[in-house]
Structure formats: C-alpha cells, structure tokens
Amino acid sequence: MKQNWKVNFKVNEEPHFLKVNSVSSDKVSITISSNPVTFDLLVGETKKVNLNEDDSYDLSVYLKSIRSSYADLVIRSIDEIIPSSASQ
C-alpha cells in the first residue's frame, strides 16, 4: 500500500477502514477508523487493535516490508483477549 491508500473492511459486521498516512524507508503511519486510532509500525512489527472497545483485540496489522514506497502489510481479523497489564 502506498501513502494515502485506504482499504475498507468489516469486523463483526461493523465497517472500518485502514489508511496509510505516510511511508518512509523503515516505517509506516496508519490510521484505522471508525473510532480513529493512529500508530506507526516499523518493518517486522505487529500492532494489535481493539476496534470496538471490548476486552478483545479485533485486528492485527503486520508490516512485512517496504519497497519503492510501497508498504507490504498483512491485516488479519483476530479475537484475542487483551491482557489486564496491556495499555492501549
């Protein structure tokens, strides 16, 4: 995905989208909406996101690589309990 590209998806029948805000040589900035959350990912890093404010992560985003300003992202739907020590 390149800068400003968006992808629409549903989690538990609720619409969301992921937007790539920027791409550099080693990281991307991403916003996931409907309830916006913005974060950076370095190559090889994974971020788990709770989209509906319950006790579970709903989405996993992994930055596999960056080549020629294209971010190779792996986006997965997950259902993983958030450990009580995790901060969001």
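This is a predicted model: local features need pLDDT of at least 70, side-chain atom pairs count only at pLDDT 80 or more; totals for chains, interfaces and linings use all residues.
Let me begin with the hairpin of β5 and β6, where 6 residues lie between the strands and Glu53 takes a positive phi near 55°; strands here are DSSP runs of E of at least two residues, numbered from the N terminus. Residues are numbered from 1 along each chain as its sequence is written, and side-chain values use heavy atoms, with hydrogens and water left out.

On its other pairing, β6 meets β7 in the antiparallel sense over 10 bridges, Ile66 having Ala71 of β7 as its bridge partner, and in the hairpin that links them, with 2 residues between the strands, Ser68 takes a positive phi near 50°.

Taken together, the 3 strands form an open antiparallel sheet in the order β5-β6-β7. Why is one side of β5 and of β7 left without a neighbour in the sheet? Both stand at the edges, β5 at 46-49 and β7 at 70-81, and each has a single partner strand. As for β6, 9 of its 12 residues are buried (under 20% relative accessible area, with a 1.4 Å probe and protein chains only), so the strand is largely enclosed by the rest of the structure.

Technical notes: Two strands pair if DSSP finds at least two bridges between them. Helices (H or I, at least four residues) and strands (E, at least two) are DSSP runs, numbered from the N terminus. Buried means under 20% relative accessible area, exposed over 50%, partly exposed in between (1.4 Å probe, protein chains only).
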